[in-house]
Amino acid sequence: FPTSTYVKMWADTQRELDTMLQREREEFLQPEEDRDKVMKMLATAYIQYLEIFRNLEEAHDHLTHQQKRAAVRQALDGVIGRILEIKKEMVALESSECHHMDGILMDLKRVPEDIEIPIPKYFIKENLRILQEREKYLDEILLNAGLLEQEPVTAMTLEEGIKVIQVAERARQGRARAAFMKRIYLEEKRQSKKGEQETGKNPDDAATCIQKVWRGYSQRKKTERLREEEMVFLGMNSTEMINGTGGAQFSLPPDLEAMSSLQIGAGKADVLQGEVQEREDLSFRQELRKTEGPHIKETLQEQISQCFIECRHITGRFPDYPPEKTGGSKAIFIEKHPEQVAEELAAKKEAEKKDKEKNGKEDKEKAKAKKPQKAGKQVVDESWKMGPSNFLSILEEGSSQYKVFWENRDNRSDFLQDHDPELIKGGQREEVEEEIRVQVDEVMQEKLLKLKQAVDGETGQSKGAKGEKVRAAKRHRKPRKGGHENLELMSPACRTVDSLYQELAEEGLLVKVKHVNLSDYTGYYDCLRNILREAGAQPTPSIPEVRQLVALYGILPLGSQTVHENAPLVKSLLLAGPAGVGKKMLVHAICTETGANLFNLTPSNMAGKYPGRDGLMMMLHMILKVGKELQPSVVWIGDTERLFSKGAPKGEEEMNSKGLAKILPQFLKALKPKDRVLLVGTSSRPFDANMGPFCKVYQKIILIPKPDYLTRFGKYFKALWKRYILRSGGALTKLVNLNCLAQVSDGFTQGHIVDVVHAVLTELRLLQMARKPLRTAEFVTSLARHDPVYKEEEEAFQ
């Protein structure tokens with residue numbers, strides 16, 4: 001699609017967003033007592049915001065104009081955060097993570113797939129090179145430590161060998177023909193030279209000939225380069241090598257390999273566009289430094305000199321120049337004059353007196369109002385009112401910026417749609433001012449010292465500088481014998497992030513992420529569940545609902561720093577369900593979709609590593625430092641119920657696990673909104689844990705169900721039986737009754753189905769496939785060897 005399509009999509013979506021903001025001002029700010037009406041209002045807004053989210057994400061992914069992408073990104077992050085806030089209100093209102101939205105979907109003429117949570121592609125694409133380098137570095141560490149096996153070299157097939165021989169033979173023939181043609185060319189050239197020597201040649205003709213050749217060559221190269229850039233920009237060249245630094249081939253991660261060639265070309269165009277944008281930023285910065293630099297420098301010097309004079313007039317002496325740590329001359333303009341401070345203190349005291357008088361009157365009125373009421377009766381306001389939002393201001397600011405900068409802008413003359421020079425200059429002006437301010441600080445500091453010597457008779461060294469020297473001398477004292485210098489060298493605070501990263505990888509605590517997308521966790525909506533909800537029962541969440549919850553609480557906050565800092569903070573997440581339902585797969589999907597590091601603190605993986613409380617504390621400090629520095633990060637604890645098992649610990653491994661459970665609350669307390677670190681626990685027997693401390697550690701608990709009939713049935717390609725059989729190399733015929741397999745596998749998990757397919761489709765069985773087709777009985781016989789999830793276990797989970 002052309003760029004104008006996505007510009008129009010952005011404009012239409014922005015108008016829908018403005019309508020939603022207007023509705024929120026009118027409806028959400030009013031108290032409401034009818035809970036059903038409130039739930040309907042929240043669910044409607046939730047679905048409409050999801051539609052806006054989907055459109056903004058698509059526009060952001062395809063636009064190449066840098067300033068437009070930044071504007072769309074602001075609105076996109078605001079919409080994501082608002083969805084999370086509305087979700088929090090819905091959960092608090094119904095005391096449930098899953099909601100009945102069928103009626104609202106029908107009213108809005110939507111399908112259940114419209115409430116799927118889209119995953120923004122910029123989570124990965126904007127950090128693609130960093131993630132590729134980090135993955136390569138981790139592979140090297142694991143390979144050197146012997147934790148990663150190299151791919152075995154397999155012998156080529158007969159067809160591949162024939163193809164290699166054909167390529168080599170064609171190349172040999174091509175080289176022989178090229179040598180033959182070269183000999184003919186050289187012979188003709190020698191003959192022509194002999195003729196020229198006999199007749200002679202005019203020097204002007206020779207110069208004209210050279211000019212023609214050179215101009216033709218340079219013009220062809222220039223045209224070829226322009227055509228190449230144009231094809232990459234349009235996304236029509238999918239085999240282009242793009243790298244401005246070393247010539248390495250641009251490649252996308254496995255989770256983006258399924259995109260079409262046009263999308264791949266568009267992604268490469270984004271990289272090229274980013275490199276062009278960096279060059280443009282540098283050129284604009286140099287231009288600003290040259291044209292506006294002298295004026296900025298002169299203005300800053302005048303302002304700083306004026307502040308020095310005013311301060312001496314008030315205090316009687318020149319002030320000390322603020323050190324570079326506090327911002328240099330910035331601190332001068334932030335600090336207030338003594339007169340302003342005195343006026344503010346006086347105004348503050350008067351305001352406090354008035355507040356005390358008002359509070360005294362209000363207390364008397366409240367006491368009078370409470371006297372007539374009988375003891376034991378309290379008036380409780382049960383009306384609902386929407387809580388404060390951190391994202392409405394972001395959305396309103398983005399909406400106003402859109403109206404000012406982009407709504408009425410004529411883009412027809414901007415064919416490239418890459419950047420706006422004036423907006424770039426506006427952003428670069430602050431950086432240029434900061435660079436010039438540093439230079440001005442050096443000049444003005446020397447000038448201030450000379451003024452102090454000339455006017456006040458002070459020496460160049462201030463009291464503060466003397467104090468700094470004394471403190472520095474104290475800091476550089478020799479350590480005592482038997483001190484803690486060895487412990488300091490061993491502590492994570494004294495070590496680099498790279499060394500900690502390497503140690504955690506070598507110890508097997510930092511593991512390689514398996515590339516799997518959230519969309520690979522397949523499952524379909526079952527409308528019969530809503531009959532149970534209408535009857536008052538709480539059914540087990542469906543697989544699509546699990547996908548939504550994992551995206552809302554795990555992927556979206558980890559992917560965006562703005563969302564994580566302002567949205568309702570979720571520090572820990574528990575995935576509970578029978579063995580084989582895909583809990584580990586969901587953990588890897590969170591890391592794949594966000595590019596997060598994965599730390600494995602499963603009790604079996606921690607055995608013999610960092611024993612004792614001090615060892616566990618040091619390990620968590622290392623994980624915290626690396627996780628914060630290289631965020632986003634996921635800390636995964638498999639079989640987490642073992643940490644909170646009932647009874648006294650038996651053995652060193654269980655004692656170490658119990659110690660980790662006591663330290664986890666401190667670990668979670670150390671995580672701030674700016675730290676994109678998520679604790680994810682998985683458990684196949686959560687009912688074996690001590691529920692008190694167990695539920696305090698995990699903020700959100702998601703129950704993972706076993707697959708239903710629709711998910712197991714082979715009508716769709718993504719259904720389990722059909723998908724796994726075809727993926728393993730099997731061929732489906734009429735002898736394989738997928739409906740029968742879906743019926744008899746009721747109660748079995750995805751893991752059971754995978755094991756059955758692998759057990760049946762061995763290498764020998766695949767070789768016999770042509771003369772002996774697959775039969776249903778082969779899978780049923782293998783399935784009978786597994787134990788299903790019994791009703792008692794399901795009830796225990798609920």
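Q: Is E126 buried, exposed or partly exposed, and which value says so?
A: Partly exposed: E126 has a relative accessible area of 40%. Keep in mind that this is a predicted model.

Q: Which side chain does E126 meet in a salt bridge?
A: That of R73. The N to O distance is 3.1 Å.

Q: Where do R73 and E126 sit?
A: R73 lies in helix α3, residues 66-94. E126 is in the loop between α5 (122-125) and α6 (128-144). The two are 53 residues apart in sequence, so their pair ties together separate parts of the chain.

Q: And R73, what is its relative accessibility?
A: The value is 22%, so R73 counts as partly exposed.

Q: Why do such side chains pair at all?
A: Because side chains of opposite charge can pair when their charged atoms come close.

Q: How many salt bridges does the structure hold?
A: It holds 23.

Q: New topic: helix α7. Which residues there are about one helical turn apart?
A: R172 and E169. They are three residues apart in α7, which covers residues 158-199.

Q: What about accessibility for R172 and E169?
A: R172 is partly exposed at 44%. E169 is partly exposed too, at 33%.

Q: Which residue does R495 pair with?
A: E503, in a salt bridge of 2.7 Å, N to O. R495 is partly exposed, with a relative accessible area of 21%.

Q: Last one: which residues does the network with D12 link?
A: K8, D12 and R15 are linked in a network of salt bridges.

Terms used
Residues numbered from 1 in each chain as written. Predicted model: local features only at pLDDT ≥ 70, side-chain atom pairs only at ≥ 80, totals over all residues. Heavy atoms only, no water. Salt bridge = Lys/Arg side-chain N within 4 Å of Asp/Glu carboxyl O. Helix = DSSP H or I, 4+ residues; strand = E, 2+ residues; numbered from the N terminus. Buried < 20%, exposed > 50% of the residue type's maximum accessible area, 1.4 Å probe, protein only.
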